[in-house]
Amino acid sequence: MSLIDQLFPANHKTTFVVDHTPYFGLASNSHIKMDFTKRPSGGIPPPPIFKSMWTCSIEAVLEYCRIVWDLFPEGKLIRVISSDMQSRNLNNWSSSQQNVNYMLHHLSSLGPPAKLVPNPNRDYSVVYGFRTAAEAMIECTTAQMDQGAKKNNIEVQNKCRTIIITSARDNPSIDNLMSMFHNEMTKSNKYVSQPSSMHIHHCHLVIINTYPDSITCEVTDRPPHSISPILDLEVHSIPASKIGIKISNLLLKHYNLASTTVTGIPMKEEQNASSSANYDVEIYHAATAHTTILNANVADAKAVVAKKEGADYETIKLKWCTPRANNNLPDIHSCTTLHRITPVDINSRPSACLITFLLNGRSVLLEMIKQGGGKSMSHVLKSYNGEIYIHTVSSGRTVLEDPPAISEGPGGKVTQYRVADFGIFMRLNLLEPSKKKQAEDKNYIDEAKECLKKQTAYWPLITTSTIIFHLKRYTEPMLTFMVKDNMSDQELIHCKQCVYALVAAESRNEHFITPIANPRKILKREDQYKSMWAELEAFLKSNLHTENHCKVLQCYFECRGKLDEEKIIEKTLMRFKKSLADRPSVIRATTDSPMSPPLTQQTGIKHNIAHKAVDVDPNSVMYLKIVQDQENRRVNPSRPQFAGRLKSIQKRNGNLFAKLYQHIDEDTDTTSVK
């Protein structure tokens, strides 16, 4: 992502178009909770009061705005437009109008939707807000105008997001709304006047189709997809009572937020101050605050991740830790990130108590409960100047410490790495520049990567996590031969002998001497062999490259009595045999018949060898390799051969004779120069 895309992403300008037609005055299934403390005994309870579709929608929009403005005081602007017989702007891009109090004041003057009474003289529609939304999108914000005024030859991208909350009958109606919105965008782009407005480069359109809970809607959800180079469409169909949950889920995606649930908060009961209970409070913040947890141990991460009840997103559950008496910030000196937070349910009593506790200058430590039963401090909540932040505590070494030395002494975990084995591994896979021209159909880099991938299919990093690599008097040369691309029949015999040697060692009750992770706990002989056989099986299964490799694993299964596992070997062998049968038989150009003349009498071989390569012993492998490469180049040349060599004449001593200026005897220009 470029710098301009980071400065002005799609969430820089968000426009809501809320349907204010009489249809949105219908009741939903969401009722208003009322607590009557003084009610006569035996009295009939009042009937429930249900919220209208307009109330559910505008509450969800206001909650969307509140969370965004709490977490992003600057740079994230939201504009709300209502539409019935005409469109109305409830605010603009000015920073003074980007707050909830301003929105509530204008909503009070707007009032509820009109009553649903058929009247042909009045045309209610959400379409009137499309033009106002398009005009709002082309309008420049203060940040865009400031960036455009800078003479740095960088074009400011005007990317926006529009969320339309309306009600449609079916999918074709959604397509019509999308088409009309796209037309309004195209028209607005034609009437752009600098510098107060700019073209819409891209818009993410989200249509939320809502309806009363008592009916069934035919509109189906659609994932984000491209409509045109400047418009993407996303459709969600949801009952009016659940529109708040859906918008909260979209909010996390639009602004890359995450949810944390602080569990086990001790609080006194409101009715009985002498007793206390534990409560949970959910907060929103930037998703990067969870990077350390999610990148840690997978099992520990799964232990704290839970799906939010009644929602489509996940939340991280962290336990409240009793704050310490001293509040000198001793616990957050090694924090890696810091982000603003905001409570999800701001009107609940637990949320209000937690926020009040933090605003009074206290800090809250959050612990992550691990799967094994342990726990570790992961985050800290603390406020600064009326703003509450979540701090991510570093779980490893801090950036202030020196990096660990590879020869760290006793007590350090760095010495557990297989440094010596890794050095041998690097020497065996040393890459050198190729002296010959690379063929067009062959990529040596990919070939080297594939070779490394095969050799590291099973390669433990630390000494305490492996047994077979410490038993090289039994497992060698099997460990070396199994990682090779090809295995000869003689190497296959050696590998089988290694398996038989391990079986014989087990029958003699030999005790292995291997490094252990916990010196206090020494494994029994039976447990050692059980771990060794399991590791050996994993190693052999990770290196099934050819038919002979499979035969080694088959030998292991026969020695261990795992006859059921031989089906895997049979399928693998059949696959290898089929691939060999389908491969065409090609006679290599370097394969000579027994009656072939010596190399010195073959034309075009000896003279093609480089001068430095001539000094090589003719009986060495390198000499044969060079001759083979030169012969392959002659049979299938990668570039045309020198014309003089093609017309050369071989003398008795084997040297080639090429005549220079072969065309000198031909007809030449007879024009004399006077």
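Predicted model: local features only at pLDDT ≥ 70, side-chain atom pairs only at ≥ 80, totals over all residues.
The buried positions of α15 are Glu 491, Leu 492, Cys 495, Cys 498, Val 499, Leu 502 and Ala 505, and because they cover an arc of only 145° around the axis, they lie on the same side of α15. Asp 489 and Ser 507, on the other side of α15, are exposed. Just after α15, Asn 509 adopts a positive phi of about 60°.

Glu 491 also takes part in a salt bridge with Lys 484, in which the closest N and O atoms are 2.7 Å apart; Glu 491 counts as buried at 14% relative accessibility, whereas Lys 484, at 33%, counts as partly exposed. Within helix α16, Glu 537 and Lys 541 are four residues apart and therefore separated by about one helical turn, and their side chains meet in a salt bridge (2.9 Å, N to O). Of this pair, Glu 537 counts as buried at 10% relative accessibility, while Lys 541 counts as partly exposed at 37%.

Over the whole structure, 17 salt bridges are found. One of them joins Glu 139 to Arg 79, with the closest N and O atoms 3.1 Å apart; since Glu 139 lies in the loop between α4 (128-138) and α5 (142-149) and Arg 79 in strand β4 (residues 77-83), the pair ties together parts that are 60 residues apart in sequence.

Conventions
Residues numbered from 1 in each chain as written. Heavy atoms only, no water. Buried < 20%, exposed > 50% of the residue type's maximum accessible area, 1.4 Å probe, protein only. Helix = DSSP H or I, 4+ residues; strand = E, 2+ residues; numbered from the N terminus. Arc of directions from axis to C-beta. Salt bridge = Lys/Arg side-chain N within 4 Å of Asp/Glu carboxyl O.
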